[in-house]
Amino acid sequence: MFPSSKELFERAKKVAPGGVHSPVRSFRSVGGDPIFFQSGKGAKLTDVSGKEYIDYCLSFGPLILGHRDEDVQKIVNETAELAWSFGAAEPYSLELAEWIVSKIPWVEKIRFVNSGTEAVMSALRVARAATGRDKILKFDGCYHGHLDALLVKAGSGLAGESSSDSAGIGSELIKNTLVLPLDDEKAVEELFAKEGKNIAALVIEPLPANYGLLIQRKEYLSKIVQIARKHGSLVLFDEVISGFRVGLQGMSGELGIAPDLVTYGKIIGGGFPVGAYAGKAELLDLVAPQGPVYQAGTLSASPFGMRAGLATLKKCEKENVWNVLENRTKSFVSGMVSILRERDLEGDWDSSVHSSLFWFHKKSPSPIRTVDKIPAGHKEGFAKVFHALLSEGIYLAPSGYEVGFLSYAHSDKILSETLEKADSALRKLKV
């Protein structure tokens with residue numbers, strides 16, 4: 001029997017910063033103390049007291065089949081009997097690489113790493129080596145991991161200026177990072193007219209999903225890619241969240257845009273730590289040992305992540321998981337918004353939905369595509385709803401700016417159960 005979550009959190013604060021190993025887990029954004037979980041199965045988590053929760057955070061996206069899917073778990077168990085790590089060449093990363101290359105035309109070669117942050121960092125290194133340019137263009141509201149050069153946002157509303165989002169990052173480390181708001185083709189055109197010859201790559205989440213769900217217009221994305229290429233810059237799509245989550249070919253396939261470089265993570269590891277950068281062979285051939293761009297990793301291409309990832313992807317394709325999830329998500333989110341509008345005193349809720357990703361937010365007069373359009377009071381309103389749902393055993397990501405996910409394990413029965421619990425939880429807010 002475990003001690004309570006509260007007791008564990010008090011102990012954790014003595015040995016880890018804020019008591020956690022990634023900031024959002026601390027519940028700081030929603031208030032209160034974090035829940036400590038002991039296990040997960042299917043669509044549910046169990047905390048250290050034995051209470052069950054229906055999980056819509058899903059480890060922030062990797063678990064598209066749910067916790068410990070039976071088919072994937074068989075592979076994981078087999079792997080445990082084979083090897084835990086090689087630090088050498090092995091067939092498992094080859095099988096996953098060949099599968100991905102066979103499915104995605106713009107992925108001619110791929111390199112596996114251990115996280116999305118590492119993948120973006122390495123891809124940008126390749127872009128700089130390939131172009132001989134130093135500057136990178138990113139967009140406010142897109143998250144690309146915690147590498148120094150990209151922990152910046154637009155400064156003072158002036159295109160091209162940057163300020164760091166984190167202490168400990170010197171001005172020298174971000175001087176080559178340019179930042180623009182999303183959804184503004186004109187700003188991109190003007191910046192490239194001024195700085196185009198210096199920009200190695202335009203990097204963007206084609207489906208920004210780490211500052212709310214900021215769904216972009218296809219016309220906008222197509223236009224900025226066109227502008228970048230006109231000036232000889234590479235296009236890097238960060239699909240760490242959207243890759244293999246919105247469909248087999250991710251947002252790139254959905255948009256019909258082939259990026260020069262693309263990064264993946266989350267789902268391709270089947271729930272184990274993984275990242276990858278990929279793209280044209282001529283670019284990936286710049287990477288060591290074949291080329292001059294150095295990048296290495298002791299635990300890269302872990303057999304657990306490679307084999308669990310391939311099992312996950314094959315099942316998604318075989319059972320058409322993406323279509324199933326898209327239909328279930330639309331229905332579920334519609335039901336949740338109806339309950340939120342009816343039961344929450346403020347009653348002005350809405351949602352953004354794409355495939356199996358969703359984000360509940362305060363109603364806006366127009367689609368929310370940029371950070372500054374997120375309605376005032378959203379954070380506080382979400383925190384109230386979060387705790388009401390948590391009390392009834394529904395677990396959302398503990399931040400109003402994180403998106404929610406459905407998994408294949410979220411059956412119609414579990415979704416109905418969620419709506420009943422949500423109705424009960426939010427009804428109490430009106431008392």
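Which residues line the largest cavity? They are Phe358, Trp359, Phe360, Phe382, Leu396, Ala397, Gly400, Glu402, Val403 and Gly404.

Some ground rules. This is a predicted model, where local features need pLDDT of at least 70, side-chain atom pairs count only at pLDDT 80 or more, and totals for chains, interfaces and linings use all residues. Residues are numbered from 1 along each chain as its sequence is written, and side-chain values use heavy atoms, with hydrogens and water left out.

Back to the cavity. By cavity I mean a set of points, on a 1 Å grid over the protein atoms alone, where a 1.4 Å probe fits but cannot get out; lining residues have an atom within 4 Å of a point. Points are joined across faces, edges and corners, and volume is the space filled by probe spheres set on them. The structure holds 1 cavity of 30 Å³ or more. The volume of the largest cavity is about 60 Å³. Its lining splits into 7 nonpolar, 2 polar and 1 charged. Here Ala, Val, Leu, Ile, Met, Phe, Trp, Tyr, Cys and Pro count as nonpolar, Asp, Glu, Lys and Arg as charged, and the others, Gly among them, as polar.

Strand β14, residues 357-362, gives the most to that lining, with 3 residues. Strands (E, at least two residues) and helices (H or I, at least four) are DSSP runs, numbered from the N terminus.

Now the sheet around β14. It is open, with 3 strands in the order β13-β14-β16, and the pairing is antiparallel. Two strands pair if DSSP finds at least two bridges between them. β13 (349-354) and β16 (404-405) are the edges; each has a single partner strand, so one side of each has no neighbour in the sheet. Between β13 and β14 there are 6 bridges. Valine 353 sits opposite phenylalanine 358 in β14.

Two helices touch this sheet. Helix α11 (321-343) packs on it, touching β13 and β14, at about 170° to β13. Contact means heavy atoms within 4.5 Å. Axes are lines fitted to C-alpha atoms, for helices over the stretch in contact, and angles run from 0 to 180 degrees between N-to-C directions. Helix α12 (378-391) lies across β13 and β14, at about 115° to β14.

Next, the other sheet. It is open too, 4 strands, order β1-β2-β3-β15, mixed pairing. The edges are β1 (37-41) and β15 (394-395), each pairing on one side only. β1 runs antiparallel to β2 (44-47), joined by 4 bridges. Phenylalanine 37 faces aspartate 47 in β2. Helix α13 (412-427) lies across β2, β3 (52-55) and β15, at about 110° to β3.

Notes
1 Å grid on protein atoms, 1.4 Å probe; cavity = no way out; pocket = protein on both sides within 12 Å on 5 of 7 lines; lining within 4 Å.
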